Amino acid sequence: MKSPVHRCRDVEHGRGQGRAETNCLQAEQRIPISKDVITSSSASAMWFIRDICGIVCAVITWLLLLYAEFVVLFVMLLPSKNLMYSIVNGTLFNILAFLALASHLRAMCTDPGAVPKGNATKEYIESLQLKPGQVVYKCPKCCSIKPDRAHHCSVCKRCIRKMDHHCPWVNNCVGENNQKYFVLFTMYIALVSFHALLMVVFHFLYCFEDDWTKCSSFSPPATVILLILLCFEGLLFLIFTSVMFGTQVHSICTDETGIERLKGETGKWGKLPCWEAMQMAFGGPFSLSWCSPFAGLSCKTVSEHVPVPQGEIIEEDVIEIPLN
């Protein structure tokens, strides 16, 4: 039977045993057993990272979308004489913007796959029923047993399963539980940016042919400045999110996260075929729910609240079975 933890783990014990004592719980300290210790995620728990940089970036993301909404509605669509043009483009833009914000909220407030803190106890390791000769690794920073393909995030201060990277724009790590929402966020932002750029081009052409004072409720200089800023914002985010979208889809198809690629950890696990990996990431067989940030990840296995025996944190970062 395959071990639930991997032999080839990015061991952080090489940085010194002295740092392990200052960065995590002492071996003599007993830990209280709670639901946070015995499960990696909870459907009822609210996940939010209290990081100033991430919160500021998330707020900026929303403000930029609100600015685009303002320019599209009050500078381009409402003053337009073509009612059908305004209705169609206004509806499409608002739908895409709403889906982008919903995807951003789900990516930010979904547990990316955090490993329970403080479960590196002798009793818990014995409950895994590992075979003699197998090796497990303890994270010296959060005192948890690191499962296969987990990496520690210094911002979230947790080990994250299948961690791709920490994204300040969503104020969260991108891991196995929220990668779908991050992919949708980048896709919808790219579509919103592309749509806004098209409307800016058409509006400029319309204003050049007509009187500038009639094509907007703002003065011509203010209209030009607002449109140029929106054009710059749309072009910047279109390029950035398109690259991120392609990178994420490539990572899913190759079953290899960004951090695994950087650390050269390829080929140390059985990789899934591309289509099967896509189904795992997006929660089941292909359907319209793949494009919905409100659809849950139905094929994900939900952790049960199984009590873990209480015990003392083990000092060693590399633990070989059987335990002494």
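A residue is called buried when its relative accessible area is under 20%, exposed when that area is over 50%, and partly exposed in between, as computed with a 1.4 Å probe on protein chains only. The model is predicted, so local features need pLDDT of at least 70 and side-chain atom pairs count only at pLDDT 80 or more, while totals for chains, interfaces and linings use all residues. Residues are numbered from 1 along each chain as its sequence is written, and side-chain values use heavy atoms, with hydrogens and water left out.

By that definition D255 is buried, at a relative accessible area of 5%, and R149 is likewise buried, at 7%. Their side chains form a salt bridge with an N to O distance of 3.1 Å, the term meaning a side-chain nitrogen of Lys or Arg within 4 Å of a carboxyl oxygen of Asp or Glu. This pair links distant parts of the chain, 106 residues apart, since R149 lies in the loop between strand 1 (135–137) and strand 2 (150–153), and D255 in the loop between helix 7 (220–254) and helix 8 (258–263). Helices (H or I, at least four residues) and strands (E, at least two) are DSSP runs numbered from the N terminus.

E256 is also buried, at 9%, and pairs with R261 in a salt bridge whose closest N and O atoms are 3.1 Å apart; R261 itself is partly exposed, at 34%. A further salt bridge joins E256 to K271 at 3.7 Å, N to O, and it connects the loop between helix 7 and helix 8 with the loop between helix 8 and helix 9 (274–282).
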